[in-house]
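Hi,

Here is the structure I promised to pass on.

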Amino acid sequence: MTKTGRGRFYKITPIDGFANRDVSLSAAWLDEFRERVFDQIDDLPFEALDQEAPGTGLTIGRLVLHMGWAESYWIGRITDSKISPDLSESLSAGSLKNFEADPAPSLEAAELIALCRRVRDEMTIPGLKTVKDADASCWEDGSTFRGVLGQLQWHWIYHSGQIGLIRFEWGSDYTWTMGSPMAPEG
């Protein structure tokens, strides 16, 4: 079974209602990278989401929970956004502290996607809307909003590759496609 993926989009439009255009554009890129991951998994059965890559402790389900958990963690640290207790509990299997243990059984794809969308809607977008200076320090070590958002973008892309490999090893390829035109945001 092979899935032809949605085209990669390059003409990203900043999200309305943000105090800073660069932060808005970074949030829009995060949306694109999240949607790519969702497209990679939305057709997969539980067995594919729960298959462990040999010797790694990584499953697609664990990786998606990890990306949602990490986004909530970083956004929570740099903004006033607070994660709700039920969302925190639902994402807890994706916490790095739990990576020492065997992966927990995966949720269904629709549930994983819904959790990550909740992080976006409840924390990421509301928390970032009020940021006025993308290059302001948001952390005691001098990290900036732009830097942390760049880390989150990298994080979604990096694990997307791992998801693609685990999917392929399970027996379902994902054909990457290009969107058009390849142009920067307008």
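Leu44 sits in the loop between α1 (21-41) and α2 (46-49); helices here are DSSP runs of H or I with at least four residues, strands are runs of E with at least two, and both are numbered from the N terminus. Its relative accessibility is 5%, so Leu44 counts as buried (buried is under 20% relative accessible area, exposed is over 50%, partly exposed is in between, with a 1.4 Å probe and protein chains only). Setting aside neighbours within four places in sequence, Leu44 is in contact with Met1, Leu49, Ile60, Ala109, Arg167, Trp170 and Ser172, where contact means heavy atoms within 4.5 Å. Ala110 is 66 residues from Leu44 along the chain, and their C-alpha atoms are separated by 9.7 Å.

Before you go further, a word on the source: this is a predicted model, in which local features need pLDDT of at least 70 and side-chain atom pairs count only at pLDDT 80 or more, while totals for chains, interfaces and linings use all residues. Residues are numbered from 1 along each chain as its sequence is written, and side-chain values use heavy atoms, with hydrogens and water left out.

Now the overall picture. The protein has six helices and two strands, and from the N terminus the order is β-α-α-α-α-α-α-β. Its radius of gyration is 17 Å, close to the 16 Å that the globule rule gives for 186 residues, so the protein is as compact as a globular protein of that length. That radius is taken over C-alpha atoms, and the rule is 2.2 Å times the number of residues to the power 0.38. The C-alpha trace spans about 45 × 40 × 25 Å along its principal axes.

Of the 186 residues, 46% count as buried. If you take contacts between residues at least 6 apart in sequence, 79% of them join residues at least 24 apart. The accessible surface comes to about 9200 Å², and 55% of that belongs to carbon and sulfur atoms (Shrake-Rupley areas with a 1.4 Å probe; for residues, only the protein chains shown count as cover).

On to the charges: there are 18 positive and 28 negative ones, and their mean positions are 6 Å apart. Lys and Arg count as positive, Asp and Glu as negative, with His and the chain ends not counted; each charge is placed at NZ of Lys, CZ of Arg, CG of Asp or CD of Glu.

What about the helices? Helix α3 (residues 60-78) has 19 residues and reaches 27 Å from its first C-alpha to its last, close to the 27 Å expected at 1.5 Å a residue (the expected span is 1.5 Å times one less than the number of residues). Of those 19 residues, 15 are buried, so α3 is largely enclosed by the rest of the structure. Ser72 lies in this helix and is buried, with a relative accessible area of 7%. Beyond its neighbours within four places in sequence, Ser72 is in contact with Ile83, Leu91, Val119 and Met123.

Not counting residues up to four places away in sequence, Leu115 touches Leu65, Leu87, Ser90, Leu91 and Leu107. With the neighbours within four places left out, Pro126 is in contact with Arg120 and Asp121.

Last one: Tyr174, in strand β2 (residues 173-178). Tyr174 has 4% relative accessibility and counts as buried. Its contacts, leaving aside neighbours within four places in sequence, are Lys3, Gly5, Arg6, Arg36, Asp39, Gln40 and Arg167. The C-alpha atoms of Tyr174 and Asp135, 39 residues apart along the chain, are separated by 37 Å.

Cheers
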